[in-house]
Amino acid sequence: MKAVIRTRSLPGLLLALLLAALTMASPAAADTGVSTIGDALRKSPVYVDPSASAQLSTADAEALAKRIKDADKPVFVAVLPADYPTANLFTNLRTATGITGLYAIRLGDRFDARADSRVLSNAAVKNLVSSVQGEDAKTQLTDFTNRALASMGGSAPASWGGSSDGGGGGVSGTALIVAGGVLVAGGAGAYTLVRRSRRRREEEQRAALDKLRVVVDEDITAFGEELDRLEFHPSEPGADDAMRADYERALDAYEQAKSYMAAATKPEDVRSVTQAQEDGRFSLAQLAARREGRPLPERRAPCFFDPRHGPSIADATWTPSGGAPREVPVCAADRARLADGRDPMIREVDTDYGRRPYWDAGPAYGPWAGGYFGGGLLPGLLVGTVLGSMMSTPSYASDYGTGYGDFGSGGYDGGDVSGANFDSDDFSGGFGGGGDFGGGGDGGGGGDFGGGF
């Protein structure tokens, strides 16, 4: 009888074991759901799927999360298994998390990212993703995060919580009394320090403006020489109203640039000077095309290497010394130099350490570059440069102004809760399209991240 009972119970035992295995597997499957990942990212900037834990250790994930929180930026990092479904992954994750920011995903040995464009431009995301391809998980995620933090805007979401001393946020009465005494006793000294600080800041700005005057005067002189070389006369044979309008706009821009520079009192004022010159040089390019019977040029940013070269004609890949590759707008001459493996003709300026490229010459060149490269181009162009790092610091806006793209806060809000109310185009394209490096489980399409500037 006992043998019969054991024989009949064996299938039941197997069935029970199978059901138990399925039950135990269910939570693991649920852990990989987009909703679960979104919930986790609302609480912490880094999520590592249990089945992908070999890629990034708990200690490394915690260190990366701390780095992001300390920087107070809305960066979200997810490490997922290689076979995780990629269809609409970024759009779905952004919807599930519901927070404006930059989203980076490591999928096996593949990596890609997307961001709300008001936090970080599409061009900047593309350059950042391309710069870390082929690295191991820890190095890749660390490098990407550090470079992104130096370029993006916005602040961390409130749901991550702030720093805490573990005391429940309370302040003792003794501490308040002591603090009050210090404030009263140090009031006069503090006022003196504020005055000295303000005076020192004004002196630094004057010194920076004096250095900029040399560079801007060179720009204005070069612009005037272009006007002279053109030798256009409004009454010359073949001149029409469109040509005369181009010429008048160029002349107006030339006079405006001189007037704006004469009235400048701080480095921030230089932005309007270089913006006027950029407008004027484009008008000259239009005039030249009309006179020669060529198609009118596309409105593009100036040549990145030296705005005096005039409007760019294309984007080209360039790698600065010690930096990562990025796409930059170039003139015809510099495009040919790069294609031949030669160095472009870079605009260098005087510094305390000798002649240096303008992007390594100091913070005052932010407004100068901002006038030439408006419309959010600067973050992608200056990733990893001295100027790019300076422009991402909180103090930069107060000293040199805002509005140079996605640097700093500058009106670019990140970390806000927007739910599903966001531009899905910022997160479109197949996985692997963000860096334009191919691959991707669902076609590798680039979406908005495959184009240039």
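Me: In which sense do β7 and β8 pair, and over how many bridges?
Reply: In this predicted model, β7 pairs with β8 (residues 354-357) in the antiparallel sense, over 4 bridges.

Me: How many residues sit between β7 and β8 in that hairpin?
Reply: There are 2 residues between them in the hairpin.

Me: And what is the bridge partner of Val349 in β8?
Reply: Val349 has Arg356 as its bridge partner in β8.

Me: Switching to pockets: how much space lies in the largest pocket?
Reply: About 330 Å³. Its lining takes in 18 residues, and the ones nearest the centre are Lys211, Asp352, Ala361, Gly362 and Pro363.

Me: How do the lining residues divide into nonpolar, polar and charged?
Reply: You get 10 nonpolar, 2 polar and 6 charged residues in the lining of the largest pocket.

Me: OK, now the open sheet. What is the strand order?
Reply: The order is β1-β2-β3-β4, and the pairing is mixed across these 4 strands. From one strand to the next, the twist averages 10°.

Me: What about β2 and β3, parallel or antiparallel?
Reply: Parallel: 6 bridges join β2 (residues 75-80) to β3 (residues 102-107). One example is Leu80, whose bridge partner in β3 is Leu107.

Me: Which strands does helix α5 lie across?
Reply: Helix α5 (residues 122-131) lies across β3 and β4, and runs at about 165° to β4.

Me: Last topic, confidence. What does the pLDDT of the chain average?
Reply: The average is 79, and 75% of the residues score at least 70.

Me: How many contacts beyond four places in sequence does the model have for residues 435-453?
Reply: It has 61 of them, although pLDDT stays under 50 over residues 435-453. Where pLDDT is low, the predicted coordinates should not be read in detail.

Definitions and conventions. Residues numbered from 1 in each chain as written. Predicted model: local features only at pLDDT ≥ 70, side-chain atom pairs only at ≥ 80, totals over all residues. Heavy atoms only, no water. pLDDT = per-residue confidence, 0-100. Contact = heavy atoms within 4.5 Å. 1 Å grid on protein atoms, 1.4 Å probe; cavity = no way out; pocket = protein on both sides within 12 Å on 5 of 7 lines; lining within 4 Å. Points joined across faces, edges and corners; volume = space filled by probe spheres on them. Nonpolar A, V, L, I, M, F, W, Y, C, P; charged D, E, K, R; others polar. Pairing = 2+ DSSP bridges. Axes fitted to C-alpha atoms, helices over the stretch in contact; angles between N-to-C directions.
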